[in-house]
Amino acid sequence: MPVPDGVAPSWYGLTLTYRSDELGGLPIERFHQALLAEGAVEFDRPGSTRPLHELPLYQRPDLLFPGHPHHHRQYSPGAFPVAEHAHRHTIKLPVWHREQDLALAEQYVRAAVKVSDHHEELL
């Protein structure tokens, strides 16, 4: 479907939750490397899209706001365990939305299935 005049497309991402316990404890980093080796290079680990309390603004607000009393709140690792767990176990994909992208999406599914099916070789 064409994008109407005056409308800008938006970026969307599909987030997948990695469950290492279902793959013999294979670390997510090794799983991701194997996906990339299969040519599925758009599988991505989140970087800047991380729990807010880990961002520099929340760790050191005084760097952006000189004189800000940053001692009033300390966000240490483990302060938000659900957000941290989600971040550590996420793999992302772009959302392909055009009919012509169907073959590419199927290629990525095949790569994920292949790596999952052969996870024991990666341990």
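Is Q74 buried or exposed?

1. Q74 is exposed, with a relative accessible area of 56% (buried is under 20%, exposed over 50% and partly exposed in between, with a 1.4 Å probe and protein chains only). Q74 sits in the loop between α2 (56-59) and α3 (81-88). From H53, Q74 is 21 residues away in sequence and 9.1 Å away in space, C-alpha to C-alpha.

2. This is a predicted model, in which local features need pLDDT of at least 70 and side-chain atom pairs count only at pLDDT 80 or more, while totals for chains, interfaces and linings use all residues. Residues are numbered from 1 along each chain as its sequence is written, and side-chain values use heavy atoms, with hydrogens and water left out.

3. In strand β2 (residues 90-94), five of five residues are buried. T90, K92 and P94 point one way from β2, and I91 and L93 the other way. Helices (H or I, at least four residues) and strands (E, at least two) are DSSP runs, numbered from the N terminus.

4. Strand β1 (residues 13-17) runs antiparallel to β2 and is joined to β2 by five bridges (strands pair if DSSP finds at least two bridges between them). G13 lies opposite P94 of β2.

5. Helix α1 (residues 28-37) packs against helix α4 (residues 102-117) at about 130 degrees, with the axes 9 Å apart. Axes are lines fitted to C-alpha atoms, for helices over the stretch in contact, and angles run from 0 to 180 degrees between N-to-C directions. The contact (heavy atoms within 4.5 Å) involves F31, A34 and L35 of α1 and A111, A112, V115 and S116 of α4.
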